[in-house]
Amino acid sequence: MLLVGLILLATVFFMAASAPFLFPQPPDTMMGPPLQWPGQYPGAPLGTDGLGRNILAGLFYGAQVSLLVGFASVTVAMVFGILVGAYAGYYGGWIDNLLMRITELFQTIPQFMLAIVVVAVLGPSIQVIIFSLAVVSWPAIARLVRGEFMVLREKAYVQGCIVAGMSDRRIIFTQILPNAMSGVTVMSTIMIATAILMESALSFLGFGDPNVTTWGTMIGMGKNNLRDAWYIMTIPGIALLLTALALNLVGDGLNDYLNPRLRSQRGH
């Protein structure tokens with residue numbers, strides 16, 4: 001599963017990296033007659049949309065946005081979530097109570113609704129979308145890291161570090177955190193897939209950056225031609241499906257690789 005996921009993910013990365021070279025013109029350029037089906041117009045192998053834009057070019061440029069939003073938002077969420085979870089799990093007491101109550105406050109609000117509110121207030125742009133997705137993603141990481149720290153802080157090697165006079169910061173970031181990262185790594189792949197899907201949903205509803213072409217925007221533009229040109233929505237939808245599938249397969253593969261006991265059980 002890990003190999004299949006990596007191959008699919010590498011394909012998406014190739015699309016994103018090669019987009020400016022394969023399609024020098026912007027993806028919103030009108031390349032031919034509108035509503036040309038795949039294979040019908042030579043300049044657009046996957047057809048054109050209602051405005052005559054090349055769907056294949058939009059697919060390649062949309063991969064750039066999806067990967068940027070997915071990886072950037074999860075990176076920001078991981079940094080903040082790890083800090084909150086690490087300090088809450090290590091110190092416990094009132095620090096844990098305070099940080100977890102704040103975390104639970106964010107978790108009580110539906111993620112997608114909170115993302116819409118943030119984008120609506122700050123304005124639709126790639127930077128705001130990344131920030132909004134990071135805001136709704138960090139609580140899950142914080143709770144996972146907290147649980148790992150609460151278990152690992154009782155281990156003998158941690159107690160030995162405390163007796164040796166090692167500082168709390170050094171114990172947290174050099175002794176405990178590396179041993180807690182396996183679960184965070186697996187979760188991050190799932191969160192990237194979720195962030196990509198949420199960005200597409202925001203773009204579909206009109207909350208995306210109007211200056212860039214995304215898969216969600218392409219799906220949204222094709223909804224008016226669903227009956228007579230369903231390929232406009234289907235092609236970027238398949239791209240979303242395969243990208244999310246690739247990230248989930250990578251997550252499952254990493255989980256097997258980082259958890260030898262689970263790998264041996266699946267082998268039997």
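Biologist: What makes up residues 67-91, and how far apart are the end C-alpha atoms?

Modeller: Residues 67-91 are 100% helix and 0% strand, with end C-alpha atoms 36 Å apart. Helices here are DSSP runs of H or I with at least four residues, strands runs of E with at least two, numbered from the N terminus. The model is predicted: local features need pLDDT of at least 70, side-chain atom pairs count only at pLDDT 80 or more, and totals for chains, interfaces and linings use all residues. Residues are numbered from 1 along each chain as its sequence is written, and side-chain values use heavy atoms, leaving out hydrogens and water.

Biologist: Where does UniProt place the feature "transmembrane region"?

Modeller: The unreviewed UniProt entry places it at residues 67-91, 112-141, 186-208 and 229-250. Such annotations may be inferred rather than shown by experiment. Residues 112-141 are 90% helix and 0% strand, and their end C-alpha atoms lie 17 Å apart.

Biologist: Why is L122 called exposed?

Modeller: L122 has a relative accessible area of 52%, and exposed means over 50% (under 20% is buried, in between is partly exposed; 1.4 Å probe, protein chains only). Therefore L122 counts as exposed. L122 is in helix α4.

Biologist: Which residues is I82 in contact with, leaving aside its neighbours within four places in sequence?

Modeller: I82 is in contact (heavy atoms within 4.5 Å) with I141, V145, L177, M181 and V184.
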